[in-house]
Amino acid sequence: MKKFTQMLAATAVALGATASWAGPEYCSNVDATPGVTADGQKNGDVTFRNAAANDCYGLGTVALNGDANELAAVNALKWASLADQFSLLQKSDNSNQSADLWKLDADPSATGTWNLKYTGNVSPLFMDFVVLLKAGSTGWAMYFFDDIEFTTNNNSGSGAYKITWTNRNGSSTPGLSHLSLFGRVGEDGGGGGQCLPGTCPRTVPEPASLGLAGLGLLGLFAASRRRHTAVKAH
């Protein structure tokens, strides 16, 4: 994950030398204009249920080709941690969503609306989302939403999005290539960031694995104490 983050930064610097794009940063970056990146991304560029995103990151200039690269980029950001990763829930260009827990569609234009529906049976459910907008040959931006509630009577929602960058030659604003939605169970969802049955496809460690990991840590601690005691005796 660290290597992927370094690759993003290095490529952004290299591209910035030949293009007007300044390179990705967080909307919450205190060194930037409050709420706005150097390339003009804002939390309000993507909304859901009439609320702006809690944070955003852009403008990305490294081509993210394929689901695996998109997911790696999401989990390399500060919104994720090794213990609390995001999973890909749905993509707007997925034409076969009939059996999926999350239904998603978005307009294929530079500005438009997107619609989301949860078809699972966990209620209430609080989810953290990352919305990834891809438009143009390499441009992308991400938007973080914290603890969105879904209930039996409120299992869907709509929002708006806006592409805020132009093509490389600056001639036009590209239309949306696709919108990818990444998610995890939020802290308010009763799962402490862990997946609940019928919510998302994240892999959660089995209790036995957690127990073995705990025993391993205890063993390392005991060995360290023995070495420390031996050194003091000499």
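**Close-up views of a predicted model**

**View 1. The largest nonpolar core.** This core counts 32 residues, and Trp114, Phe129, Leu133 and Phe150 have the most contacts inside it. The structure here is a predicted model. Which elements give two or more residues to the core? They are β4, β6 (102-106), β7, β8 (125-135), β9 (139-150) and β11. Strand β8 gives the largest share, 6 residues. There's also a second, separate core of 15 residues, with Tyr26, Leu77, Ala80 and Leu132 among them. As a general rule, nonpolar side chains in soluble globular proteins tend to be buried together.

View 2. The model has 12 aromatic pairs. Elsewhere, ring pairs join Tyr26, Tyr57, Trp79, Phe86, Trp140 and Phe144 into a cluster. Tyrosine 26 also has the charged end of lysine 78 sitting over its ring, 4.4 Å from the centre. Over at phenylalanine 150, arginine 49 lies over the face, at 4.8 Å from the ring centre.

**View 3. The disulfide between cysteine 27 and cysteine 56.** The count is 1 disulfide, and its sulfur atoms are 1.5 Å apart. Cysteine 27 sits in the loop between β1 and β2 (47-48) and cysteine 56 in strand β4 (residues 55-60), so the pair ties together parts that are 29 residues apart in sequence. Both cysteine 27 and cysteine 56 are buried.

View 4. Follow the order β1-β4-β9-β8-β11-β5 and you've walked across an open sheet of 6 strands with antiparallel pairing. Which strands are at the edges? Those are β1 (25-26) and β5 (87-91), each pairing on one side only. Strand β5 is joined to strand β11 (residues 176-185) by 4 bridges, and the two run antiparallel. Leucine 88 has phenylalanine 182 in β11 as its bridge partner.

**View 5. Strand β10 and its two faces.** Gly157, Gly159 and Tyr161 make up the covered face of β10 (residues 156-162), while Ser156, Ser158, Ala160 and Lys162 make up the uncovered one. Strand β10 pairs with β7 (residues 111-118) in the antiparallel sense, over 7 bridges. Tyrosine 161 in β10 stands opposite glycine 112.

How values were computed
Residues numbered from 1 in each chain as written. Predicted model: local features only at pLDDT ≥ 70, side-chain atom pairs only at ≥ 80, totals over all residues. Heavy atoms only, no water. Buried < 20%, exposed > 50% of the residue type's maximum accessible area, 1.4 Å probe, protein only. Pairing = 2+ DSSP bridges. Disulfide = S-S within 2.5 Å. Core = buried A, V, L, I, M, F, W, Y, C linked by side-chain atoms within 4.5 Å. Phe/Tyr/Trp six-rings, centres within 6.5 Å; stacked < 30°, edge-to-face > 60°. Lys NZ or Arg CZ within 6 Å of the ring centre and 35° of its normal.
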